[in-house]
Amino acid sequence: MRKIFFFLWALFFQVTMAQSDSLVVKTDSLEASLPWVQKNKINLDLNEVAFVNWNSGGVNSVSALLGVLSTLKYEHEDLDLIWNSTISGRYGINKQQAEDIRKTDDLIEINSSLGYKTDSLTNWYYTAKFNFKSQFTNGYAYPNTTKPISKFMAPGYLFFGTGMEYGRNIETFSLYFSPLTLKGTFVLDDDLANGGAFGVDPAVMDDDGNIIQEGEKVRAEVGVLITKAYETVIFENIALKNAVSLYTDYFNSFGNIDVDWEINFDFKVNQFVKATLGSHLKYDNDTKTPVEVVEGEEYAEEGAKVQWKQQIGIGVTLDF
């Protein structure tokens with residue numbers, strides 16, 4: 001699966017580069033621009049704290065966060081058709097004095113949205129959306145680094161559905177409602193799948209703990225998805241991005257809502273230096289919380305809990 005994924009990643013960039021190379025063509029000896037727009041962004045945030053004879057105490061630490069974003073947009077005004085695709089990745093690490101390197105952020109995500117409206121007067125699009133998320137490396141319940149609690153494609157999430165999207169100014173505001181969205185949860189690791197991680201059916205075992213039937217590696221759901229995305233400039237050089245996703249399954253605890261809510265503030269210092277302040281809140285009833293039973297050795301699972309991540313960073317950003 002890892003090889004397949006990186007093959008798709010490479011294919012995506014080959015296609016987008018081919019599109020960007022053909023943005024300008026000649027028609028009747030005149031240059032005409034095709035409605036393809038590609039943008040890329042790379043940012044690196046660094047944070048460091050050091051102490052020397054500091055009588056209040058403290059721990060030396062250094063952290064880094066690398067982010068990559070590539071977007072490809074197609075918009076045809078005559079056909080009232082719009083197609084947006086993005087691929088993004090984030091990876092962050094932290095090193096504190098006398099401790100091993102720990103992961104602070106890990107995400108790979110692919111989005112694609114194809115919308116069509118019947119005429120130029122309406123603000124409603126018939127839209128199909130695709131979303132895929134996973135991570136690059138193993139995740140651990142630190143300080144225990146002997147037993148991973150997550151891996152690449154364990155979990156992996158896939159959403160695909162159709163619905164209606166309101167987008168008068170779709171670049172800055174959109175509201176999407178899909179009454180029919182497929183959610184696939186992938187746990188392509190034997191140990192995690194046998195343990196029933198992330199909502200898949202666990203392995204069936206006999207009284208001696210021997211596996212009679214392997215755990216399921218894929219969980220399929222069909223439900224309702226509502227998303228909202230909003231961007232605005234609050235003050236000069238200060239931008240806000242707000243994205244919310246709400247999902248509930250028809251057949252498994254309908255009304256139990258999975259929440260994914262992200263807010264980011266971008267502070268632009270100059271063309272290359274930017275600061276960020278972000279908040280990311282998630283709740284998924286299928287994602288249980290690992291709890292330490294024996295210190296550093298055994299972990300059990302409790303019910304799902306609200307997950308929250310907050311980050312502040314300053315670094316270098318390159319747009320091209």
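Which strands each supply at least two residues of the nonpolar patch? They are strand S3 (36-49), strand S4 (61-76) and strand S18 (307-319). This is a predicted model, in which local features need pLDDT of at least 70 and side-chain atom pairs count only at pLDDT 80 or more, while totals for chains, interfaces and linings use all residues. Residues are numbered from 1 along each chain as its sequence is written, and side-chain values use heavy atoms, with hydrogens and water left out. Helices (H or I, at least four residues) and strands (E, at least two) are DSSP runs, numbered from the N terminus.

**First selection: the nonpolar patch**

Select Ile 42, Leu 44, Leu 46, Leu 66, Val 68, Phe 272, Val 316, Leu 318 and Phe 320, which make a nonpolar surface patch of about 780 Å². A patch of this kind is made of residues with over 30% relative accessible area and no salt bridge, its nonpolar side chains (Val, Leu, Ile, Met, Phe, Trp, Tyr) being joined within 5 Å; like charges are joined within 9 Å. Accessible areas come from the Shrake-Rupley method with a 1.4 Å probe, and for residues only the protein chains shown count as cover. Strand S3 gives the most to the patch, with three residues. Val 316 has its place in strand S18.

Next, select Ala 154, Tyr 157, Phe 159, Tyr 176, Val 187, Leu 192, Ala 193, Ala 197, Phe 198, Val 200, Leu 225 and Tyr 247, the twelve residues of the largest nonpolar core. Strand S8 and helix H2 (190-194) each supply at least two residues of this core. A nonpolar core is a set of buried Ala, Val, Leu, Ile, Met, Phe, Trp, Tyr and Cys residues joined through side-chain atoms within 4.5 Å. Buried means under 20% relative accessible area, exposed over 50%, and partly exposed in between (1.4 Å probe, protein chains only).

Centre the view on Ala 193. Leaving aside neighbours within four places in sequence, Ala 193 is in contact (heavy atoms within 4.5 Å) with Val 187, Val 200, Asp 201, Pro 202, Ala 203, Gly 215, Glu 216 and Lys 217.

Move to Leu 182 in strand S9. Leu 182 is partly exposed, with a relative accessible area of 37%. Beyond its neighbours within four places in sequence, Leu 182 is in contact with Leu 158, Phe 159, Phe 160, Ala 220, Glu 221 and Val 222. A C-alpha to C-alpha distance drawn from Leu 182 to Gly 161 gives 6.0 Å, for a separation of 21 residues in sequence.

Side chains of opposite charge can pair when their charged atoms come close. A salt bridge is a side-chain nitrogen of Lys or Arg within 4 Å of a carboxyl oxygen of Asp or Glu, and the count by this rule comes to 16.

Select Lys 129 and Glu 165, whose side chains meet in a salt bridge (3.6 Å, N to O). This pair links distant parts of the chain, 36 residues apart: Lys 129 is in strand S7 (residues 124-134) and Glu 165 in strand S8 (residues 156-166). Lys 129 is partly exposed, with a relative accessible area of 21%, whereas Glu 165 is buried at 5%.

Then select Asp 260 and Lys 133, which form a salt bridge at 3.0 Å, N to O. Asp 260 lies in strand S14 (residues 258-268) and Lys 133 in strand S7, 127 residues apart. With 18% relative accessibility, Asp 260 counts as buried.

Asp 258 and Lys 183 come next, the closest N and O atoms of their salt bridge being 2.9 Å apart.

Finish with two non-glycine residues of positive phi. Ala 98 has phi near 65° and lies in the loop between strand S5 (81-96) and strand S6 (102-116); Ala 98 is exposed, at 81% relative accessible area. Asn 237 has phi of about 70°, is found in the loop between strand S12 (218-235) and strand S13 (238-249), and is partly exposed at 41%.
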